[in-house]
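What can be read from the backbone and the surface of this model? The paragraphs below take a few places in turn.

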Amino acid sequence: MESIKILWVDDEIEMLKPHFLFLEDRGYTTTPCTNGQDALDLIKANRFDVILLDENMPGLNGLETLAEIKNRKPNLPVVMITKNEEEQIMEDAIGSKISDYLIKPVNPHQILLSLKKILNQKNLVAEKTTQSYQQEFRKISQSLMDLDSYDDWIEYFKKLMYWELELETLEDKSLFEIFETQMKEANSQFAKFISSNYTRWIQDNAGPTLSHKVFQKHVVPELRENKPTLLILIDNLRFDQWKTIEPEIRNNYTIEQEHTCFSILPTATQYARNAFFSGLTPLEIQKKFPKWWKNDTEEGGKNLYEKELLEAQCERLNFKRPISYHKITQLQHSQQLIKNLQNHTHEGLTAVVYNFVDMISHAKTEMEVIKELAPDNKAYRSITLSWYRNSPLKELLKKAASLGFKVLLTTDHGTINVGHPSAVMGDRETSLNLRYKTGKSLTYDPKDVLECKDPKDFHLPAVSINSPYIFAEEDYYFVYKNNYNHFVNFFKNTFQHGGVSMEEMIIPFVVLSPR
């Protein structure tokens with residue numbers, strides 16, 4: 001293996017010979033240099049892996065030399081070494097994108113640690129991650145059989161999400177393949193758990209906080225302080241996507257509380273989001289506000305009355321302060337809200353629905369270029385992070401923080417990357433969603449689905465008499481037998497929602513306070 005090549009630049013280089021010997025014993029090759037100009041000439045003529053650069057030198061000083069190095073080779077790691085602890089010098093060096101900053105006198109072990117951190121960090125992290133997951137694998141597998149409460153499942157899912165985010169950094173994909181098998185088995189067991197408990201949860205209000213109870217349980221208590229409060233619901237936001245953008249949001253906000261809720265079934269916008277804003281189950285909405293509910297087979301938008309449902313819920317809960325509702329589907333909607341946010345500081349609640357993540361999901365189904373950009377969960381998270389960093393939502397949160405808004409951030413449901421088709425047959429009135437179906441004369445494979453033969457058991461409206469619901473489990477997706485192969489290939493490896501999986505049902509609710 002070729003040794004690591006170091007260029008060490010210091011006007012007192014003769015005093016560093018013990019350091020050179022120490023590094024050479026450990027496989028590093030060190031080239032000495034006494035001034036900045038010679039260092040630039042050496043960099044031009046030779047390949048180095050890292051530069052150790054003294055800050056205080058005659059002629060070109062360290063910061064000037066650093067600037068020239070970064071102009072010529074911006075990706076070459078530089079460690080600044082200085083006697084000077086002046087804050088301005090540290091800030092100038094860090095602003096020039098140095099890899100590390102050491103204060104003299106430095107001992108050889110400090111140098112070695114810095115070099116390992118810069119040059120071997122990726123390999124060391126990968127090795128440690130691999131060892132840790134191998135140790136945890138058996139525990140995770142064994143604990144799966146012992147999960148008997150929704151709290152157990154929440155903690156188990158969070159542990160799985162932690163390991164998914166850790167393992168995605170590894171170049172060796174063999175461990176990730178093992179993890180995916182573990183995730184599939186977990187979702188299989190999760191479907192059985194939901195099958196055994198969901199009816200009791202939604203009928204008796206027992207169990208986790210479901211979509212129609214989230215507002216009353218987690219939003220209302222945050223409104224008692226009479227501070228301006230921004231409620232942001234990002235449609236289709238998976239738990240792992242929240243964890244991906246969380247560090248970015250922490251730049252302006254601290255996390256005060258983090259709750260975990262469950263989406264109702266179907267895990268689809270029409271059902272879960274209407275339930276959230278109304279504080280009612282879909283069946284209750286249909287009965288109480290028939291003009292504001294449309295069944296799957298009816299023409300027209302299915303989420304056109306969220307503002308009215310929210311106002312009705314606030315009135316029912318005796319919340320009398322002003323509220324406003326904003327649905328962001330286009331860039332100008334965001335820009336207008338940001339511009340006028342100052343005018344909302346008097347409100348008790350400013351509710352915002354953000355549809356962008358949902359748009360990514362649908363675009364992945366419909367556009368080949370998005371399929372290539374987001375073939376898996378890792379890429380889907382990456383696109384979400386890139387979107388957030390460049391989105392008006394980031395600007396909105398920054399503006400909200402400056403105005404003192406508390407932020408409540410949540411979603412209606414998540415999504416799952418589907419991989420296994422399941423054949424289904426129905427009449428013309430059968431709903432079109434790939435992860436759930438309702439309609440008469442449904443024919444399907446019972447082992448792939450959670451069945452709801454009487455919609456009232458799940459507090460769902462019946463499209464017609466004898467119209468059951470079926471929900472796809474694990475990563476199955478429903479495909480009609482007509483033109484089966486075409487639709488199998490078209491929808492495979494797309495992100496869908498509506499069914500039973502941890503990724504779709506287990507969702508975050510986060511309380512954020514401005515820094």
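N493 lies in the loop that runs between α19 (484-491) and β18 (495-496). The model is predicted. Although N493 is not a glycine, its phi is positive, at about 65°. Most residues other than glycine have a negative phi. N493 is partly exposed, and its relative accessible area is 31%.

N236 is also not a glycine, and it has a positive phi of about 75°. This residue sits in the loop between β6 (229-234) and α10 (239-249). Is N236 buried or exposed? With a relative accessible area of 0%, N236 is buried, as buried means under 20%.

The peptide bonds come next. Most peptide bonds are trans. K104 and P105, however, are joined by a cis peptide bond with an omega of about -5°. P105 belongs to the loop between β5 (100-103) and α5 (108-119). Another cis peptide bond links L265 to P266, and its omega is about -5°. P266 is in the loop between β7 (253-262) and α11 (269-278).

From the loops, turn to a helix. Helix α7 covers residues 150-167, which makes 18 residues. From its first C-alpha to its last, α7 reaches 25 Å, close to the 26 Å expected at 1.5 Å a residue. Which residues of α7 are buried? They are W153, I154, Y156, F157, L160, M161, W163, E164 and L167.

The last stop is on the surface. There D172, E177, E180 and D376 gather in a patch of negative charge. One of these residues, E177, is part of helix α8, which spans residues 174-204.

Terms used: Residues numbered from 1 in each chain as written. Predicted model: local features only at pLDDT ≥ 70, side-chain atom pairs only at ≥ 80, totals over all residues. Heavy atoms only, no water. Patch = residues over 30% accessible without salt bridge, like charges linked within 9 Å, V, L, I, M, F, W, Y side chains within 5 Å. Areas by Shrake-Rupley, 256 points an atom, 1.4 Å probe, with all protein chains shown as cover. Salt bridge = Lys/Arg side-chain N within 4 Å of Asp/Glu carboxyl O. Lys, Arg positive; Asp, Glu negative; His and termini not counted. Charge placed at Lys NZ, Arg CZ, Asp CG, Glu CD. Helix = DSSP H or I, 4+ residues; strand = E, 2+ residues; numbered from the N terminus. Expected span 1.5 Å × (residues − 1). Buried < 20%, exposed > 50% of the residue type's maximum accessible area, 1.4 Å probe, protein only.
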